[in-house]
Amino acid sequence: KVHVWSPVNHDNVRQGVEIATGQDLEPVYRFKDAKVVVSLDANFLMGMPGHLRYAKDFADGRRVLGDKTEMNRLYAFESTPTTVGALADHRWAVKPSAVQVVASALSAALEGSEAPSGIPAKVASVLPALVADLKANQGAALVVAGEHQPPAVHALAHRMNLLLGAPVDYVRPVT
């Protein structure tokens with residue numbers, strides 16, 4: 001028997017993945033393969049299922065040892081201070097209600113379509129550079145949404161991951 005307990009609504013994650021992929025799946029992120037990470041109010045280092053593995057793999061990507069001269073980059077949009085934001089190369093504080101707007105704007109920019117209205121000015125000004133970094137690291141760029149975000153934000157994050165060929169494995173949920 002497998003017992004699963006989550007203190008947050010993990011259904012948001014699965015619903016978002018289902019909207020993006022059309023299947024009931026759970027994401028397993030491969031931070032060890034990510035060169036660029038975008039956090040949409042996600043405290044993946046401490047609060048998500050798999051956070052211990054994620055923290056180790058993310059930290060390994062920041063180590064510069066021997067022949068390895070580059071480290072991964074972390075962009076964080078967050079509504080409250082977290083460990084992820086403290087470690088981010090670039091961090092923007094946004095209102096909780098603005099996280100979905102940021103996700104929509106980022107997704108639209110990646111797809112080359114018109115961004116939604118209401119984007120915070122500080123976000124709009126960095127979007128072109130962030131999108132360029134994500135596209136330059138196709139296959140090694142990862143977008144992660146916080147578990148407390150609504151399914152729409154998760155769907156946008158997974159849609160971006162699919163567009164980018166992100167290092168994410170989608171697995172059947174343990175029930």
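I looked up Val 38 and found it opposite Tyr 75 in strand S3. The model is predicted, with local features needing pLDDT of at least 70 and side-chain atom pairs counting only at pLDDT 80 or more, while totals for chains, interfaces and linings use all residues. Residues are numbered from 1 along each chain as its sequence is written, and side-chain values use heavy atoms, without hydrogens and water. Strands (E, at least two residues) and helices (H or I, at least four) are DSSP runs numbered from the N terminus.

I then checked the pairing (at least two DSSP bridges between two strands). S2 and S3 run parallel and are joined by five bridges. The open sheet has four strands in the order S4-S3-S2-S5, paired in parallel. S4 (90-93) and S5 are the edge strands, each pairing on one side only. I noted an average twist of 10° from one strand to the next.

Next I looked up the largest nonpolar core, which has 28 residues. Such a core joins buried Ala, Val, Leu, Ile, Met, Phe, Trp, Tyr and Cys residues through side-chain atoms within 4.5 Å; buried means under 20% relative accessible area with a 1.4 Å probe, protein chains only. Val 38, Leu 40, Phe 77, Leu 106 and Leu 134 have the most contacts inside this core. Elements giving it two or more residues include S2 (36-40), S3 (73-78) and H7 (151-164). H4 gives the largest share, six residues.

I listed the contacts (heavy atoms within 4.5 Å) of Leu 106. Leaving out residues up to four places away in sequence, Leu 106 touches Val 38, Leu 127, Leu 130, Val 131, Leu 134 and Met 160.

How values were computed. Buried < 20%, exposed > 50% of the residue type's maximum accessible area, 1.4 Å probe, protein only. Axes fitted to C-alpha atoms, helices over the stretch in contact; angles between N-to-C directions.
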